[in-house]
Each structure stands twice: as C-alpha cells, then as structure tokens.
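Please brief me on this structure. Keep it short and group the points by topic.

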Amino acid sequence: MKSKTNANNIYRMDGIGKVFVFTLKQTFKNKAYLFSFVFMIIMMALMGPISMLSAASSSKAFSDSAEDKENLASTVYYTNDTVYDLVDALDLSGTSYEKLKLQYVTDIPELSDTEIGLIFTTEEKDGETGYVVKSVISDDSKISSINLEDFTKYIYGIFEDVRIRAVMSDDEYALASSGVSTGKALSEQDFYDLKDEKISSSQVTTYATIYSIAIMILVSMSVSYVISSVMEEKTSKLVENLLVSVRPLALIMGKVFAMMVYVVSMLLCGAFASGISSGISAYMFGRGSDASASAAEMAEIAQQMDYSQIFGLNPLRLLALFVSLIITYLMFSIIAGLMGSACTKTEDVGPTIMVLNMFSIAGYICAFIVPNVNNKMLTYILSVVPFISSYIGPISFACERIPFWLYLIGMAVQLLFILLLFRLTAKVYRKLLVNDSKKLNFAQILRLSREGEA
Amino acid sequence: MGLIVKDLSKKYGNKTVVDHISFEMDKPGVYALLGTNGAGKTTSIRMILDMLDKDSGEVLWNGKPLSFENCNIGYLAEERGLYQKYPLLDQIMYFGQLRGVSKPELEKKIKYWSKRLKLDEYLYPQYVSSVSGRQSTKKVKPKSPDQLSKGNQQKIQFLIAMLSDPELLILDEPFSGLDPVNTDILKDVVREQIEAGKYIIMSSHQMAVVEEFCTDITILSHSKAIVKGNLNEIKKSYGRVKLSLKCETDVSQYINDLGIEILSDKEYEYDLKVTGDAQANALLKKLVDAGITVVRFELAELSLHEIFVKEVGANEEQN
C-alpha cells in the first residue's frame with residue numbers, strides 16, 4: 001500500500017516570504033539582471049523622444065506637402081467653354097493653393113515647365129454630353145503627376161460645387177452639404193450598437209489589443225526569468241539542502257513571485273521613465289516647431305495610436321481588466337515555474353519558453369477573434385472555460401458583451417484553475433526537484449502528478 | 001523514543017530501489033548506512049527526510065512523523081552545491097533564516113563555525129587580513145562560491161547544516177573529497193556532536209571512519225538490508241578469526257597441520273584465518289611446546305571493511 005505523504009505539509013507555505021525576499025534581493029544584486037533592468041528602462045525612456053522625432057519628421061513631410069501645393073506652378077492658364085462663370089469660384093485665396101496665379105485665356109498657350117493649363121469644357125461620349133475638367137503640362141514639366149492630379153481633383157471639386165449651386169438655392173445647398181459623412185462605413189451590428197450606446201467593434205478591437213498585448217509583454221518578458229530562477233536550485237545542486245527547511249511549494253512560489261515583481265517593477269520604472277522623457281521631448285519639440293500643421297499631424301498620429309482610450313472605460317470594467325491581467329499573469333508565471341522545474345539543462349529553457357509564448361499567442365488570437373465574431377453563445381461559454389476565459393471574460397465584460405455575474409463566474413473558474421495549478425505544482429515540483437534525468441514534457445508532468453513518479 | 005525508520009520501500013517502475021528497510025535509534029549516537037553505489041542509501045535518506053514519497057513505511061521522531069517542523073534537522077546532502085553567483089554570506093544567512101534562526105544569532109554562529117571549520121578567510125577576508133597584519137589598500141572582497149575548492153564548498157555546506165544546532169544530523173558521505181587536514185577538522189566536530197548527545201545518521205564508503213564513530217549499522221546491497229545491528233555485536237557474531245602471527249622461524253608446517261588458512265606470508269609473519277579461539281590456542285600451544293619463539297600473536301575480530309566486503313560479495317554472487 002502506498003504510504004501517504006503528509007498532505008498538510010506539501011501545501012504549507014512557511015518560508016515563502018524569506019524565499020521571495022532572498023530571490024528578489026539577489027536578482028537585483030546580480031549584474032546581468034541589473035543590466036537588463038537598467039537597459040529596459042533606458043529603452044523605454046528612449047521611446048518617447050523617438051516617437052516625437054518620428055512625429056516631427058511626419059510633420060515636416062506635411063509642411064513639405066503644403067509647400068509643394070503653394071509652389072505648384074508659376075502660372076495656371078485656364079479656358080472655360082462651359083455655361084458657368086468660374087471667376088469667383090477660382091479665387092483660391094485662403095486655400096493651400098492661394099499662391100498660385102490663375103489667368104483666364106481663350107486658348108491655352110505653349111506651356112513652360114512650371115506652368116499648367118486648365119480646360120473646362122463639354123465632351124460627348126456614347127451619345128451623352130458631359131462636362132470635363134482637364135489639366136495640361138508641358139512634356140518637360142517639373143510638376144509631378146501626383147501633385148498635378150491632386151490639383152486637378154481640387155479644381156474639379158470647385159467646378160462641381162459651382163454646378164450644384166447653379167441649380168439650388170442657398171438653403172437647399174446648405175442642407176445638402178451638411179450633416180452627411182461619407183467617411184464612415186458602419187456594419188449593421190455597429191449601427192444598432194451605436195444606437196443602443198454600446199461599444200463599437202473598433203473599440204472592442206482596441207481593448208482586446210491593449211489587454212492581450214499587455215499579457216504578451218508580461219509573459220514574454222517573465223517566462224525566461226521565472227524558468228531560470230526555478231532551475232537555479234537544480235543546477236546549483238542545493239535542492240536537498242533547501243528541502244529540509246522549506247516546502248517545495250513555498251520555494252517555487254517565492255521564486256515565481258519574486259520574478260513577477262522584478263518584471264513588473266522593470267515595466268513600471270520603464271513606463272515612468274518613458275512618461276518623463278516623453279514630457280520633456282514634447283516640451284522641447286513643441287517649442288521648436290511652429291507649424292499649426294504639425295500639431296494637426298501629430299494629433300492625427302496620436303489618434304491612430306491612442307491606447308489611452310481604455311481609460312475612458314467605466315471604472316468597474318477597467319478594474320476588471322486590471323484584476324484579470326494580474327491573475328492571468330500569475331497563471332502564466334505558475335505554469336512557467338512548473339515547466340521550468342521540469343528543465344534540467346540550459347538547453348531545455350528555449351523550447352519551454354517557446355511553448356509558453358505559443359500559449360500566450362493563442363490567447364491573443366482568441367482575444368481578437370471571439371469578441372469580433374460577437375456570437376453571444378460562444379462568448380458566454382468561452383468566458384468560463386479555464387485559460388481562454390482569462391482573455392475572453394474580461395474583454396467581453398469590458399465591452400459590455402457579458403454581464404457582471406458571468407464575469408465573476410469566469411473569475412471564480414480562473415481562480416479555481418490557479419488553485420489546481422498550485423496543487424499540481426506542490427505535488428510535481430517536489431518530485432521534479434530531485435529528478436535530474438532528462439527534461440519532462442507537459443504530459444509527463446501531468447502523469448507524474450497522478451502516478452507519483454516519472 | 002528517538003528515531004524509528006519502519007519498513008521503508010521505494011520502487012521506480014518495476015525496479016525496487018529500497019526494499020523494506022527498518023532501523024531504530026533509541027538513544028543519541030551515530031547510525032551508519034553503508035552500501036555499494038546504487039544500493040539505496042541516498043534514496044533511503046531522501047525518504048527519511050520526506051523529500052521522496054515512500055511506497056511503504058514510516059519515519060517517526062519521538063513518536064510523530066518526522067518533518068523539519070517537529071525536528072531540528074541538519075543535513076549534508078551527497079550532492080554538494082551552492083548558489084554559484086551569490087555572495088557566500090548572503091546565502092548562508094538565507095539558509096539559516098529558513099531554519100528559523102534569528103539574524104543576530106546567525107551572525108554569531110556563522111562567525112563561530114567559520115572559525116571552527118577554518119573558513120573565515122573566505123567569509124571574512126577583511127577581518128582575517130587585518131588580524132594577520134597584512135597591509136592592503138584594496139578592499140578585500142569575500143570569495144564567491146565558484147572561486148572555492150570543492151572541499152571548502154563542502155565545509156560551507158557543513159556549516160549551513162550546523163547553523164540551527166540540529167538535534168538530528170544526517171550526513172551523506174561527509175568525508176568524501178576532503179583532504180586529511182579537513183577530514184580531521186570534520187571528525188573533531190562529529191565527535192563533539194556525539195558528546196553533545198546528537199542523533200547522527202551517516203552514510204559513507206570510508207569504513208575506517210564509520211568504525212571510528214558508529215555504534216549501529218545497516219549494510220545495504222541491491223536495495224536490501226543484508227546486515228543490521230550494533231557494530232560490536234555484529235563483529236562478535238563473526239568471532240575472532242583473524243590471527244596475526246610473527247615467529248623467528250618458519251612455522252608453516254604447524255599451521256598446515258592444523259588446517260589453518262594462510263592469507264599472507266612474509267618472512268615468518270603470517271596473516272591467518274582461524275575458525276575461532278580454540279584453533280588459535282591450539283596453534284599457540286603447539287608452537288610453545290616445540291620451543292619456537294613467538295614474537296607476535298594477535299587474535300582479532302573482522303574489521304568492518306572485511307565484514308562489508310564479505311557480505312556484499314556474497315550477496316552479489318547470489319544476485
């Protein structure tokens with residue numbers, strides 16, 4: 001009959017604090033870890049100025065483009081065979097082409113390489129007559145075809161405006177030209193969601209991106225540290241000396257928590273440094289550039305990368321995302337610790353990291369697909385399935401796709417899963433610690449927990 | 001009371017690595033676990049310390065299941081190791097704190113044991129150089145574990161095992177890899193611990209050392225206990241069968257007449273294997289009656305080494 005291990009003992013956590021403090025202290029004393037920490041902070045601090053420089057360079061491109069419009073041509077000659085009077089309409093003052101000189105002619109003269117000819121005329125095609133706006137340049141023209149095309153479209157817009165105004169009263173024209181946005185294409189779901197003041201699919205994508213990228217960053221940064229830390233006792237051959245003072249669960253969890261704190265503090269310090277450097281850069285670049293165009297362009301760039309809109313969420317939903325993030329990070333760290341304890345050599349670390357990163361990528365993909373599919377049944381089920389629920393649950397709750405009670409059930413399932421991981425870790429780590437044979441895979445680890453031996 | 005190890009067994013798959021091993025230590029002293037490589041000594045120790053699951057059996061300390069929560073255990077593992085990149089003092093403090101020793105107490109104990117084990121030049125190099133009068137403008141940094149010899153790393157581990165002043169000390173091959181000077185240092189400490197009334201379990205291949213300290217032994221072979229009990233009783237049970245004889249003339253004829261086996265013979269010095277006291281006395285009488293001068297006549301028990309070789313050898317043949 002199998003002798004029972006003292007169940008009270010294997011789950012005891014006495015000494016976890018001492019393991020945690022020692023591991024964290026030694027991590028910060030270790031030159032390699034310290035270098036990584038400082039390097040990461042410097043890199044994150046540099047991100048502010050780099051993005052500002054990038055924005056400034058985009059802003060310069062914008063200014064250059066404006067300059068191109070102003071200096072497009074020395075003279076623009078135009079002819080008008082239409083019934084419309086274009087003299088007033090072709091007054092370009094106040095527009096980006098205001099420096100261009102427009103001159104009415106009866107016939108377009110021979111053009112120099114800096115001149116444009118504009119022809120407003122009627123043409124017949126397939127038995128129908130219509131208006132045409134053409135622009136002409138010399139064969140050796142210095143004017144780029146792209147700039148010419150932009151200019152032609154702009155002039156065509158003016159002509160169209162004149163044409164419409166000719167058949168409408170001012171009131172009719174005002175009504176026709178206001179309140180219509182052709183820039184937005186809405187899906188039916190978005191239309192109804194917006195109507196019910198729900199969160200749009202683009203916002204869902206944003207939240208899913210922010211949440212799952214945050215997890216990916218934490219996981220990809222942590223797993224190698226956690227695995228290396230957990231392996232340390234085995235590679236240093238002092239496991240047995242430790243096990244007469246501390247239980248395996250306390251040992252592994254103390255180390256896992258220490259590495260989690262190391263990574264989180266590295267990211268927080270990095271974020272703080274990044275914030276300061278961005279503030280300084282914004283002040284410096286802001287003072288150096290004059291163009292209002294630059295501000296507009298920077299605003300446009302900021303709009304594209306604006307992840308801060310997550311802070312616009314209801315505080316409860318934001319809190320749910322934050323709590324879930326921590327719990328998911330804990331879950332990944334425990335799995336990393338567990339898998340790290342099955343490694344015996346440095347060469348075993350790479351494949352283990354890869355497996356964990358694959359898990360994280362799988363979660364990332366689920367976080368994108370499921371909320372966007374927006375199938376109620378699927379969302380509800382996946383919100384309570386262990387592991388996947390750590391992605392789907394919080395995102396769906398944040399996006400108002402599942403109710404609070406379902407989110408809580410998902411969290412409870414998640415915590416239960418973590419508790420099971422704790423128990424598995426307690427059982428397996430104890431056996432793996434004195435196992436110095438070949439690396440075990442996840443299936444072998446699970447079998448070990450059931451059978452008792454590798 | 002004391003320590004009771006009852007019916008310990010362990011299998012890996014179909015292979016039995018420890019087969020129903022039992023022993024008791026009802027009073028302080030040294031108990032030796034002996035055996036060839038792979039006989040099951042370290043596995044037994046790991047089960048005693050609850051590092052490995054037992055397939056059967058129990059280990060009791062003062063009537064309760066042994067654990068470090070109810071017994072102050074000091075352990076020197078067979079697999080020596082230290083965190084290679086962490087400062088020595090930091091990790092010694094860490095191990096001590098895990099054993100529940102307070103920081104001020106630890107500082108005192110580390111100083112005491114580093115001096116006792118002659119490790120202070122590695123742990124307190126600044127202090128040692130100032131005491132020895134060596135002048136240096138450079139700050140002397142303590143060595144990291146990877147700069148220490150294996151022997152010194154082993155002494156550090158022994159120091160760690162002693163930090164909590166353990167009542168049960170388990171030493172797995174404590175003297176292997178140590179030079180004679182350090183072996184003597186460690187032997188002195190073990191003697192002190194015996195005098196202090198500690199329970200010590202020792203595993204070793206060095207029979208002479210075991211014989212020096214141990215009162216009780218278990219010899220393991222192929223996962224089974226083949227010899228077990230009090231060392232003196234075991235020796236007595238084999239009888240006095242070793243006769244060392246030195247004469248001034250060739251006496252091989254007398255030896256052969258009595259059917260005594262000659263183990264070695266060199267210039268009238270003989271190592272003989274007798275069946276017991278009676279055969280030895282008969283030989284002595286014959287020699288005296290013949291007027292032969294006997295320079296040395298020493299009848300002795302088998303040494304532990306000889307018992308080990310004899311028993312393990314016999315068991316190997318059976319297997």
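**Strand E7 of chain B and its neighbours**

In E7(B), B:Ile170 is the bridge partner of B:Tyr75. This is a predicted model, in which local features need pLDDT of at least 70, side-chain atom pairs count only at pLDDT 80 or more, and totals for chains, interfaces and linings use all residues. Residues are numbered from 1 along each chain as its sequence is written, while chains are lettered from A and ligands numbered from 1 in the order in which they are written.

*Pairing and crossover*

- Helices (H or I, at least four residues) and strands (E, at least two) are DSSP runs, numbered from the N terminus.
- Strand E6 (residues 73-76) of chain B pairs with E7(B) in the parallel sense, over four bridges; two strands pair if DSSP finds at least two bridges between them.
- E7(B) also pairs with strand E8 (residues 199-203) of chain B, parallel and over five bridges.
- Opposite B:Asp172 stands B:Ser203 of E8(B).
- From E7(B) the chain crosses through helix H7 (residues 180-195) of chain B to E8(B), a right-handed β-α-β crossover. Right-handed means that, with the strands pointing away from the viewer, the path from the first strand over the helix to the second runs clockwise.

*Burial*

- Strand E7 (residues 168-172) of chain B is largely enclosed by the rest of the structure, because five of its five residues are buried. A residue is buried if 20 or more other C-beta atoms, placed from the backbone, lie within 10 Å of its own.
- Both faces are covered: B:Leu168, B:Ile170 and B:Asp172 lie on one side of E7(B), B:Leu169 and B:Leu171 on the other.
- In a regular strand the side chains alternate between the two faces of the sheet.

**An open sheet in chain B**

- Four strands of chain B form an open antiparallel sheet in the order E2-E1-E4-E5.
- Strand E2 (15-25) and strand E5 (64-65) of chain B are at the edges with a single partner strand each, so one side of each lacks a neighbour in the sheet.
- Strand E4 (residues 56-61) of chain B joins E5(B) by two bridges, running antiparallel.
- B:Trp61 stands opposite B:Lys64 in E5(B).

**Two packed helices in chain A**

- The axes of helix H11 (residues 315-340) and helix H14 (residues 389-398) of chain A come within 9 Å and cross at roughly 175°. Axes are lines fitted to C-alpha atoms, for helices over the stretch in contact, and angles run from 0 to 180 degrees between N-to-C directions.
- That makes H11(A) roughly antiparallel to H14(A), a term for angles over 145 degrees.

Key. A residue is buried if 20 or more other C-beta atoms lie within 10 Å of its own, exposed if 12 or fewer, and partly exposed in between; C-beta atoms are placed from the backbone. Angles under 35 degrees count as roughly parallel, over 145 as roughly antiparallel, 65 to 115 as roughly perpendicular and the rest as oblique.
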